[in-house]
Amino acid sequence: MKKKLISALLSTAMVATLITGCGSSSGAANDTAAPAASEAAEKTEGAASEAATPAAGAGKVYYLNFKPEADAAWQSLAKAYTDETGTPVTVVTAASGEYETTLQSEMAKSDAPTLFQVNGPVGLANWADYCYDLSGTDIFSNLTSEDYALKNADGGVAGIAYVIESYGIITNKTLLDKAGYKVEDIKSFDDLKKVAEDITARKDELGFAAFASTGMDSSSDWRFKTHLANLPIYFEYQADGITSTDAIKGTYLDNYKNIFDLYINNSTCEPKELSAKTADDARNEFLDGKAVFYQNGSWEYSSLSEKYSDDELAMIPIYIGAGDEANQGLCTGTENYWCVNAEASEDDIAATIDFMNWCVTSETGTKAMAEEMGFTIPFKTAVTSPNAFVKQDQAYTEAGRTPVSWNFTTMPSEEWKNALGSALTAYAAGTGDWDAVKSAFVDNWATEYKLANE
Amino acid sequence: MEKSIRKYWPVFVLPTLVAFTIGFLWPFVWGIYLSFCKFQTVNKVSFIGISNYLRVFSDDTFIHAFGFTALFTVVSTLSINIIAFFIAMLLTRGIKGTNIFRTVFFMPNLIGGIVLGYIWQILLDCLLSRWGKPLLALDARSGFLGLLILMSWQQVGYMMIIYIAGLQNVSPDLIEAAEIDGATPWQILTKIKIPMVMPSITICSFLTLTNSFKLFDQNLSLTGGEPAKASQMLALNIYETYYARSGAQWKGIGQAKAVVFFLLVVVISLIQLHATRSKEVQA
Amino acid sequence: MSMNSQIKTNVNALAQQQESKEQARARRTENVNTVISVILGLVCLVYIYPIFMIVVNSLKVESAISTSTAFNLPTAATFAGITNYIYGITQMDFLKSFLYSLFITVSSVVLIILCCSMCAWYITRVNSPLAKAMYYLCVFSMVVPFQMVMFTLAKTADTLKLNTPFNICIIYLGFGAGLAVFMFTGFMKSMPIEIEEAAMIDGYNPLQMFFKVIMPITKPTTISTAILETMWVWNDYLLPTLVLDIKKYRTIPMDIQYFRGSYGSVQMAPMMACIVITIIPVILLYLFCQKYIIEGVVAGAVKG
């Protein structure tokens, strides 16, 4: 019986293949052999395939999105654009930490992304040949400041920042109150340390910890290997009066160690469990009221505001005991520059520029970016974002505090970040020492800088 | 007859030949060429000679990955084959439930490497944290052991099947005769059973050897090379050089690494083939 | 298999021939066997535990899965029912990936079997430079690791637009031809040529002969090759990841990998639910075709 079944299956399949020719025509094979699968394919293409035929310009847009948390919002924005104009827009989001990998493999394809992003000058160096010169476009002239454009060596506009973000230590005011403190009490690293250690001492009584887990899983480790590492770099650049370097000195590494120690020793879990903790874990701990502090950025607002009102949340600067702490603001800047693929067809380039422009000028686009994605976009046509953290950043700046700029865009390579992340993870777990972190920070900077610039 | 078949070559050979050219020959030749080049995408390729190869051998991560891979290959080949042979011995005794055992032991083979990796990552991390040990991503030694356990778990069943087939071919008369001559079970094992299943041993060790040496999926999902590439094997090292490193110079280096990797596999296969041949002569 | 009965008859024969000493020995062997059965039974339980654990955890809520709680059975508070399954399937378009995986596997394996067995027959029966070259190239391709061709293969497939689930089987045929051709030639070399000559005299042309005479004879090899190729294609991760148009298509292994870290999080619970869905058909297939699979493995080993 079984034998018969199998031979029947095999022969049917073979006949199907024979009819369609031995692998010559794929289209036909799809019609006869797999109606179910081809139907599914049509559904996938969805709006894109329907819109491909109408005469709404010949171009199409393929956006390789960097921000996983904004994936859903981009998908619906792309759909809205297609509905409105007929131009097909495909948005693919790379997994966290996989952007460079995905970009490399996608750019090698004939149907490459028309819109991708680089994280700043270092990222641009690799893709400069592939960036269409955006000078003279509407979107460029719409920028509130030319500083938000990423220039090529020859002065062409290679990338345009599309979002300005801030990060710091997100604080649950209600819990902080319960512990007997106010946001205003924390004005320096010493204050932060005092508060955090006091909360840890009374952890059982209070029922919550100071910091949400410092997760070192790849979905979360960028908060520390990149964002937190920005602070020692920033203060070193400030002290030396430079904006980038081929060899970092690590002047403020002790401060980096202090803040990292504070995070991992006053956390919801044991330091050695951190390597498996994910971004979700930390967010959920904060949402569940298990932690007062949570280092992250304004992009988290949309998920946090589902649970907390604006009055319950605050974002305080990351004090590491360096520089002028009284006037330190949030870390504000961008690592998100849009680039248009210069190798795409002219139609696609035109369609892509139109799409970018639409995103930052149309009502639908600006609203989606401000509200759903919670972005502050550096364009004249921007609408005010309801993002409480963004507002807080503005308040700090108005109060005369200096925002900490995003210098991590000058980190020599992704590899440098990964090596630092590994060293930090090992240090947190006790399987590695701080010297390894130092070496990953200082020595590896020089090594990677050299590799990247030869 | 040969003539008439020969006339039909477009039907019999051409489809495979075309696909083979697309799927193997052309990429292979092109890959060798690219290993001497610098390129970001293939639209802009510049020939730079052998400097990629020089970089491969000065790349510590590649040397480390080679050491890790070699050690893993040796240890896993031994462990998988010994365990599989032992279980096969037990399952040819005619004990109750032989079929069920065989079914269970073979089952993990059907599950893909990526999936297996995640299953074991969860399981092993739980165990390690329960014992208060550093997790997989922190300790290259537990990463190594984890890979070993995972690969043994997956491959033992497959090799066991081959050994069972081999052991069943050993004639019962021969063993009976030896028993009558007063041979101990150990003598029967070493003097009769092992020499008789030598072909199976050769096949199994070849399969485990190449599987372990070329391991990618399990490595990617179980440890991802952590901590700091300490548990990274060759295939993953090449992949990461290619796709995770930004900058045009890395592609060529990745391709050169792949060529070196390919040559290593060829050498191992040749040694193995030689071993097989010499065994065949003896038999 | 007939192993059990075979040994039983052996035991019976022995018992008849020899006297009480032998009986005692047989009884002792039986006792030892029972002990082994029990021990192996326990080992088997440990062996399937990882799969059991995945099933258990796929029924729990996300927050109840962590390194410290993954061993716990679901309680009333942490039991999630099939919500993870529903979420996993809808979030990732998992069913679509499932169908793509299924289609890619079936089409590739059928194509490989058909084309490679034809090619192998030609190689076996024709003595020409083309046939020889094909054979040695196929053997050679078996040792080449995928990393060697990954970039150029992806580029070639992209240029020729072989990047959809409907024609990626051509790539699989190209890269998987080596093993299949090798296995088929191994078998065909031992086939007596007389049958074919007789068929020739009956007026069959080579095509008719192949489908009416050769295919039935090579059935065992066909099945074993099909099984090996199925296990490869169904579980393959890197090739489809690099070759397929990721804007539209994903296979199951790609989906599982996507659960890690895409959309800003690692979703353990739905991931495990999808792992369970992935494993079930394979295990069912295995239980139904166990005999063929085992024969296939053995045949593959003899020829490989």
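**Close-up views of a predicted three-chain model**

**View 1. Helix 11 of chain B and its buried residues.** The buried residues of helix 11 of chain B are B:Ser200, B:Ile203, B:Cys204, B:Leu207, B:Thr208, B:Leu209, B:Ser212 and B:Phe213. Buried means that 20 or more other C-beta atoms lie within 10 Å of the residue's own; exposed means 12 or fewer, and partly exposed falls in between, with C-beta atoms placed from the backbone. Helices (H or I, at least four residues) and strands (E, at least two) are DSSP runs, numbered from the N terminus. Helix 11 covers residues 198–213 of chain B, 16 residues in length. At 1.5 Å a residue these should span 22 Å, and the end C-alpha atoms are 22 Å apart, so the two agree. The expected span is 1.5 Å times one less than the number of residues.

This is a predicted model: local features need pLDDT of at least 70, side-chain atom pairs count only at pLDDT 80 or more, and totals for chains, interfaces and linings use all residues. Residues are numbered from 1 along each chain as its sequence is written, while chains are lettered from A and ligands numbered from 1 in the order in which they are written.

**View 2. Chain B as a whole, with its confidence.** The secondary structure of chain B comes to 14 helices and two strands. Its C-alpha atoms fill a box of roughly 75 × 70 × 30 Å, taken along the principal axes. Of the 283 residues in chain B, 52% are buried. The average pLDDT of chain B is 86, and 97% of the residues score at least 70. pLDDT is the predictor's confidence in each residue, from 0 to 100. Which elements of chain B have the lowest and the highest mean pLDDT? The lowest, 79, belongs to helix 1 (residues 2–7) of chain B, and the highest, 93, to helix 5 (residues 60–91) of chain B.

**View 3. The two domains of chain B.** Domain 1 of chain B spans 2–50 and domain 2 spans 52–282. Such bounds come from an automatic or database domain assignment. The domain centres, taken over C-alpha atoms, are separated by 31 Å. In the contact, 11 residues of domain 1 of chain B meet 11 residues of domain 2 of chain B. Two residues are in contact if their C-beta atoms, placed from the backbone, lie within 7 Å. On the domain 1 side, helix 3 and strand 1 (37–39) of chain B are the elements that give two or more residues. That side divides into seven nonpolar, three polar and one charged. Here Ala, Val, Leu, Ile, Met, Phe, Trp, Tyr, Cys and Pro count as nonpolar, Asp, Glu, Lys and Arg as charged, and the others, Gly among them, as polar.

**View 4. Where chain B meets chain C.** The contact takes 73 residues from chain B and 76 residues from chain C. Helix 3 (residues 14–34) of chain B supplies the largest share of the chain B side, 14 residues. The chain B side divides into 52 nonpolar, 14 polar and seven charged.

**View 5. C:Gly176 in helix 7 of chain C.** Helix 7 of chain C covers residues 168–188 and holds C:Gly176. Why does C:Gly176 count as buried? Because C:Gly176 has 29 C-beta neighbours inside 10 Å. Leaving aside neighbours within four places in sequence, C:Gly176 is in contact with C:Ile112, C:Glu229 and C:Trp232. C:Val109 lies 67 residues from C:Gly176 in sequence and 9.4 Å away in space, C-alpha to C-alpha.

**View 6. Strand 10 of chain A and its partners.** Strand 10 (residues 328–333) of chain A is mostly covered, with five of its six residues buried. Strand 6 (residues 165–172) of chain A runs antiparallel to strand 10, joined by three bridges. Within strand 10, A:Cys331 stands opposite A:Tyr167. Strand 12 (residues 402–404) of chain A pairs with strand 10 in the parallel sense over two bridges. There, A:Gln328 stands opposite A:Thr402. Strands pair if DSSP finds at least two bridges between them.

**View 7. The two domains of chain A.** Domain 1 of chain A takes 49–164 + 335–372, and domain 2 takes 166–331 + 401–452. Their centres, over C-alpha atoms, are 30 Å apart. The contact takes 10 residues from each of domain 1 and domain 2 of chain A. The domain 1 side divides into two nonpolar, four polar and four charged.
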